[in-house]
Amino acid sequence: MNKINKYKIRIQTLVLKSFVFASMLMLSNCSNDETQTVATFTNLVMSDEFDVEGAPNSEIWNFDTGTGFNGWGNNELQYYTDRSENVTVQNGLLVISAIQEDYNGSSYTSARLLTKGKFSQAYGRFEARIKVPGGSGLWPAFWLLGENYDVDGWPQCGEIDIMEYRRQEPTMVSGSIHGPGYSGESNPQGHLTKSYDLGNDRYDAGFHVFGIEWSPDYINYYIDDVLYNQITPSDIVVTPADAVYTLNDGVAATDETEAIEPTNVTGDWVFNKPFFIVINLAVGGNFPGSPDNGELFPQNMLVDYVRVYN
Amino acid sequence: MKNLKFIHSKITLLTGLLLVILMSCERETSDQTEFATLSKTGEIFTDTPIGLGSDFYFPYLGSKATAWSVDESEGYESYASMRFDVPNANDPEGNYAGGILRVDGSGRDLTEFDALTFWAKASQGVVIGEIGFGQDFGLNQYQVNETNISLSTNWVKYVIPIPDPSKLFDERGMFWYSAGTQNTGGNGYTFWIDELKFEKLGTIGQPRPAIANGQDLVQDAFSGIDLELTGLTQTFNLGSGLNKTLNVAPSYFDFTSSDPSLAFVDQFGVITVNSGTAVITASLGGVEAQGSMTVNAVGSFEVAPTPTRAANNVISLYSDSYTNVPVDFFNGYWEPWQTTLSSDFVVNGNTMINYTNFNFVGNQFSNPTVDATEFSKLHFNINIPEVPSNLDLLITVKDFGADQADGGGDDTIQQVFFDASDFEAGEWSTLEFSISLANRTNIGQIIYENVNGSSLTEFFLDNIYFYRGN
């Protein structure tokens, strides 16, 4: 009796175990899961929660001032300052205010903050929680520039635009890259960009999280919990003059070696070195056009936090 | 075996417990309980009218009543739409198309929507005068409209945002429109509307309400006189990135007077001025409206002296004290040169004519003309708020002659001039003179005009009558 029972029990246990194992296998292979993993970099390296009232933390932020060259290259209308009227931290928020006023020959003032010389990182997750202003003719942006900007210039240093917005499309925000041969300066070598439409909401109505996850082989763009774009080196379309030839064996050609008939022509993926952060609110320029007649000012861009992970 | 049994009973117990918990809910309301709520349907017309009842289209007086129909061969991605045939300007049944769609029955709760949307196209590129909602032929309390809507020959989606959805908890006026042929040279045309509905778009933002069209107006007002705030609008930015401005009924706004004891403003934007100076401002949906109206009370407005002559000694054209004879008009709007505007001005029930933007204006009374043979004197009361020093006011009395009509070669005129010495600013003057015309049996017109560069711009007129005796 006992012998038989023991045997029965063993088989039952075995069946049970197999059943459990089989179910686990099935569940783990399930491809119906719609949620995407957007946060794979979880080690917080730098953050500014904007909790200390007054001027922005000078250990993290510098200011660009003035009008740059040709309105910062885009015919923008503002004169950037570091005055507290244009940039300040209050109520847990970084407030960048575009003001309509005559100032040093410009009709508007605003602010542009950057971590150049103070913080830069290659790869990782860069994100910020931002509420864009709703007025016309404004250009809020959250972006990165290659650290070698002063040495190699633009577009060679590379630019990653995490968030750009204009009122002409109040439900859209775009994420892009600019680089040598694909800077948007010449046709057809445009910069790479994709927009995300919120659908039944508009960006100036509330805060949203804008971020990138950046690896050697890709840059993922996300807004809130939606991954809306992935750019990889093979996405870059350039003319041969700006291309980087690779040999069949994947080694780059040099002046010394002769290039074998290229099988893999890509643009120069310059996103392989540290970049610093820029946050600004421009007025007017090529992208948003000028503000409407009678537009209300000041217009505020609010940033709840900036966080960088690796 | 023993262990197995124990596990079994544990499970049974647990399940039993769960069942008990689930079933011991509190008593629910009976199936027959009906909670009174209004319909939250957004659709008005998709392929047929939705939820409007049977008696829901009401055309305006003077419009062509049959302008609206359902067209079953046209539709936006469907086979049915609402069709509006705007008549020619000379259509005997009505020279424009206009009307409302009103729910036949209880109103709808529209508080969860943010816009009225529809697809529209027309038989030609055309601009429609007005389209909106909130007109119910009752109080029209929450009426909204857009003006000059451009339609093209292919289907386009239109959005009319709701100024403040929280106000529309019980609304019957789903849609109204008015379309004429002012822009098409009097020639009729057709337009179609489909997928008419209230929607929650979520992409409407940047509310910018305004009163007095966003301007800061200053207005002198006589105490006891009501002023109406106009230029009430709401502007939104749509998901298309374009701004949309709407005309909005006063009930959407919350009005405030800086001193209610000096000037009081009611919920309809009507300002009653008592004394002193007060500033009227407003907000809509919690957003402060641009614009304001500063009212300066300038004392009470006196009415003209009450005529004392016996009624049988008077042929009156305009007076509250006499029965007036028929008058064709008090303002002929003589184009193209006349700029004078006119309106009735009422103070404590006493009516007078207010002429503004004055250069010249005429009163005409030819059905019948006035026989001034016996009643050979003319009386006017005139009040000029600001008397220019170069005032030169000419009053012309015209007899229409035997043909009793203006012109025809048989008219005769008498001209009487008045200057600044005849008036005190803001006070009633009595002007009287004898009619010296040889023929005065068919007096048909009195004309008032600025002459010799006179810069009179405004005056009040009352008690216009012919009389006899003293």
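Author: This is a predicted model, in which local features need pLDDT of at least 70 and side-chain atom pairs count only at pLDDT 80 or more, while totals for chains, interfaces and linings use all residues. Residues are numbered from 1 along each chain as its sequence is written, and chains are lettered from A and ligands numbered from 1 in the order in which they are written.

Reader: In which loop is A:Pro298 found?

Author: A cis peptide bond joins A:Phe297 to A:Pro298, with omega about 0°. Helices (H or I, at least four residues) and strands (E, at least two) are DSSP runs numbered from the N terminus. In chain A, A:Pro298 belongs to the loop between β18 (275-283) and β19 (299-309).

Reader: Is A:Asp224 buried, exposed or partly exposed?

Author: A:Asp224 is not a glycine, yet has a positive phi of about 55°; its place is the loop between β14 (218-223) and β15 (226-231) of chain A. A residue is buried if 20 or more other C-beta atoms, placed from the backbone, lie within 10 Å of its own, exposed if 12 or fewer, and partly exposed in between. Because 14 other C-beta atoms lie within 10 Å, A:Asp224 is partly exposed.

Reader: Why does B:Asn463 count as buried?

Author: B:Asn463, not a glycine either, has a positive phi of about 50° and lies in strand β32 (residues 459-467) of chain B. B:Asn463 counts as buried because its C-beta neighbours inside 10 Å number 25.
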